[in-house]
Amino acid sequence: PLSVTGGSQRDGSILVKLAGSATADGLRRAYAAPVMQRLAGHFSGGTRFTGQVLVREHAAQVTVDSSMSGVGMDFPAPLRKAAGDALPVHFSLTTLPSTDPNVSRDELRLSVGSTMNARYLRSKTGKGPWTVVRGGIGVNNPAPEPDSGVTLNVSLRTLNVDQWTGLGAALAGPPSGARGRAADSGPDLAQYVVPDVTAARANELVITDRRLDDVVVGATHAKNVWQASINARQIEGYLTWNEAPNGAGLGKVTARLAALDIPESAAGEVKDLFEGEKGGAVTQIPALDVVADRFVLFNKELGRLELLAQNSLAAAGREWRINKLALDNADGELDATGRWVNRDGRNTTSLNFKLGISDAGKLLDRLGFPETLRRGKGKMEGEVAWNGLPYALDPPSLSGKISLDVGAGQFLKKDPGAAKLLGVLSLQMLPRLLKLDFHDVFSEGLAFDGITANAVINRGVLKTDNLKMHGVAATVLMDGTADIANETTNLHVVVIPEFNLGTGPLVYALAVNPVVGLGSFLAQLFLRAPVMKALTYQMQVTGPWKEPVVTKLDHNTPAAPSKKE
């Protein structure tokens with residue numbers, strides 16, 4: 001229902017006043033285009049409105065006002081409202097003069113409540129569609145007036161980008177060919193709401209299911225390329241997102257960041273990102289080219305990050321290939337490559353790595369194992385693989401091989417806590433478990449000139465035959481196994497205290513030879529220096545890492561074989 005009053009005025013203008021009501025059902029009946037049907041689906045109920053049409057000197061101005069009371073609006077905040085709430089809306093359309101009689105121009109203005117306002121300059125040629133020449137949308141800010149394109153200026157407590165992009169995709173409908181688009185003919189709503197330039201400030205911003213706090217962001221969008229400058233509590237720097245053509249995949253994200261902080265409170269979001277639907281989210285992560293000068297993961301300062309990775313379809317299944325992973329800080333430098341494969345819902349991860357160690361003690365502190373070691377410089381490298389996702393090492397399926405060469409350090413006396421295997425290697429339990437003659441060597445923390453080892457890992461069981469720790473006070477040799485999954489050990493341990501009998505150079509030469517295993521070491525040592533046999537202590541260390549059982553062996557007792565051998 002609509003009432004119309006008015007007519008010609010004394011000044012030659014025409015003024016028509018309107019009053020009536022509009023409903024969501026009426027909107028659906030009036031506009032058959034699918035895009036309008038989808039838009040109308042976000043309204044319910046009905047409301048009254050007033051308006052007027054003023055024509056003066058061949059120019060027209062249309063205005064409409066409504067409290068929107070009685071209409072329910074199902075849009076993301078700040079445009080969500082219950083039917084009983086009021087949200088005053090003012091709309092105006094003004095025709096503008098044109099130098100070309102075949103070209104029409106007008107200006108649209110819209111205000112919604114006290115928070116949102118928009119302004120558009122449009123044109124059309126002949127009977128063609130209206131096209132936005134420039135426009136601005138302001139939320140808790142004035143509507144911008146750009147020279148071209150659409151600019152969005154937003155200031156909100158909470159801004160959920162995912163909800164708005166989801167709404168845009170829902171209104172646009174499924175992708176279709178030229179014939180499908182013709183059938184879905186209707187107004188191009190995207191040109192009014194998808195900005196070319198965005199400036200946003202929010203206490204909380206949600207994008208791709210990730211929450212950012214205290215965000216200031218500026219972004220531009222043109223020809224499938226988004227560029228953004230962002231400053232938030234978790235991230236600071238510049239990003240570029242090249243959208244994949246025709247919606248194939250997620251394209252590529254390039255980031256040059258001053259800081260990237262993934263807090264421990266976001267562990268659930270990281271889990272959801274990697275697991276995705278049906279346990280494999282390889283296709284949900286875009287190609288990445290990321291450099292962050294300061295990278296913090298789960299509250300651990302890891303230093304400078306470089307990451308190059310991409311999606312690919314391999315014979316083994318869908319694959320996320322890590323072409324480069326580099327972490328660099330004052331205590332160590334990691335260089336790695338790897339891949340994550342998802343096939344039939346099963347995930348496997350493999351990694352080849354080289355770790356340069358500048359200070360092993362401080363590096364362990366940085367990784368969450370404080371006061372375990374003092375100093376220590378060297379390297380560790382190897383290749384490992386496990387069943388599962390990259391962020392979650394799976395000890396029962398872990399396999400591969402590693403080598404270690406670290407010099408000039410000392411195990412600390414303090415219980416290493418979470419680094420329980422290092423507690424076994426440091427042999428701090430020996431003085432209290434065995435009455436040996438070298439109590440002081442271990443009770444204050446074993447100091448070493450070097451530690452070398454090669455190990456093979458098979459289904460979570462690490463096996464070595466040549467772990468050697470040599471130092472001024474003693475040389476320690478080990479072979480056997482450590483079950484990483486069950487945190488148990490079965491090690492043959494040999495301790496050779498330094499008795500200053502002139503055998504030091506021989507012991508050292510054998511200890512630093514990476515080829516010589518424990519058995520060969522003892523055979524050569526006793527052959528060339530028989531006196532050392534009586535001065536050498538041998539023992540078997542078995543059981544759980546936290547409370548190992550130490551059995552002293554005599555010189556003629558062979559070490560017990562590993563249960564996993």
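Helices (H or I, at least four residues) and strands (E, at least two) are DSSP runs, numbered from the N terminus. With that convention stated, let me turn to the structure above. It is a predicted model, in which local features need pLDDT of at least 70 and side-chain atom pairs count only at pLDDT 80 or more, while totals for chains, interfaces and linings use all residues. Residues are numbered from 1 along each chain as its sequence is written, and side-chain values use heavy atoms, with hydrogens and water left out.

I begin with Ser 13. This residue sits in the loop that links strand 1 (2-8) and strand 2 (14-23). Is Ser 13 buried or exposed? Buried means under 20% relative accessible area, exposed over 50%, and partly exposed in between, using a 1.4 Å probe and protein chains only. Ser 13 has a relative accessible area of 2%, and therefore counts as buried. Its side chain makes a polar contact with the side chain of Asp 11, at 2.6 Å. A polar contact is a pair of N or O atoms within 3.5 Å; within protein, one must be able to donate a hydrogen and the other to accept it, and residues adjacent in sequence count only if both atoms are side-chain atoms. Leaving aside residues up to four places away in sequence, Ser 13 touches Gly 7, Ser 8, Leu 54, Val 55 and Arg 56, where contact means heavy atoms within 4.5 Å.

Next, helix 3. Asn 160 caps the N-terminal end of helix 3, with a side-chain oxygen 3.1 Å from the backbone nitrogen of Asp 162. What span should the 12 residues of helix 3 (residues 161-172) have? The expected span is 1.5 Å times one less than the number of residues. For helix 3 this should be 16 Å, and the end C-alpha atoms are 17 Å apart, which agrees. Just after helix 3, Gly 173 takes a positive phi of about 85 degrees.

I now move to the strands further along. Two strands pair if DSSP finds at least two bridges between them. Strand 26 (residues 488-497) pairs with strand 27 (residues 537-544) in the antiparallel sense over 8 bridges, and His 492 stands opposite Gln 540 in strand 27. Strand 27 also runs antiparallel to strand 28 (residues 549-553), joined by 5 bridges. These two form a hairpin with 4 residues between them, and Gln 538 stands opposite Leu 553 in strand 28.

Finally, Ala 482 lies in strand 25 (residues 474-483). Ala 482 counts as buried because its relative accessibility is 5%.
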